[in-house]
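Biologist: I have a model open and want to learn to read it. Can we go feature by feature?

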Amino acid sequence: MVIKVYIATSSGSTSIKKQQQDVMGFLSANKIEFEECDIAANEDNRKWMRENVPEEARPAAGNPLPPQIFNQDRYCGNYEAFFDAREDNIVYAFLGLTAPPGSKEAEALAKREQQ
């Protein structure tokens, strides 16, 4: 399974740049393999991302903005959803991955299963 992070390398928005760096920095720091898909330099990436963000996750006006996160073709969420998952220690579940042994998420899952 490949985590794909749809980004815009030439975004003029400081907020979008920070969010993209935050997502990719977290994935790198936790040794979660991912692929950057640039929507600014590749029209196919932009088209695919826009077509595959579910209707309920789209903004009321305009197109979905990066970063958008997918596990292969399965939509995981946008930055806000990623941030919430990270705050709740459920990033691996958010990404559709198994939490590695010893991680906070794996320990929390084990505790829940014991109850």
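Biologist: Which residues does glutamine 19 touch, not counting residues up to four places away in sequence?

Modeller: Contact means heavy atoms within 4.5 Å. By that rule glutamine 19 touches Pro66, Pro67, Tyr79 and Glu80. Bear in mind that this is a predicted model: local features need pLDDT of at least 70, side-chain atom pairs count only at pLDDT 80 or more, and totals for chains, interfaces and linings use all residues. Residues are numbered from 1 along each chain as its sequence is written, and side-chain values use heavy atoms, with hydrogens and water left out.

Biologist: Is glutamine 19 buried or exposed?

Modeller: Buried means under 20% relative accessible area, exposed over 50%, and partly exposed in between (1.4 Å probe, protein chains only). Glutamine 19 has 16% relative accessibility, so it counts as buried. Its place is in helix α1. Helices (H or I, at least four residues) and strands (E, at least two) are DSSP runs, numbered from the N terminus.

Biologist: What kind of peptide bond joins proline 66 and proline 67?

Modeller: A cis bond, with omega about 0 degrees. Proline 67 sits in the loop between α2 (43–52) and β3 (68–71).

Biologist: Which residues other than glycine have a positive phi?

Modeller: Lysine 31 is one of them, at about 55 degrees. It lies in the loop between α1 and β2 (34–38). Its relative accessibility is 75%, so lysine 31 counts as exposed. Asparagine 89 also has a positive phi, near 55 degrees. That residue lies in the loop between α3 and α4. With a relative accessible area of 34%, asparagine 89 is partly exposed.

Biologist: What does phenylalanine 82 contact, leaving aside neighbours within four places in sequence?

Modeller: Val23, Phe26, Ile69, Val91 and Phe94.

Biologist: And the whole chain: how many helices and strands are there?

Modeller: Five helices and four strands. Along the sequence the pattern is β-α-β-α-β-β-α-α-α. Buried residues make up 37% of the 115 residues.
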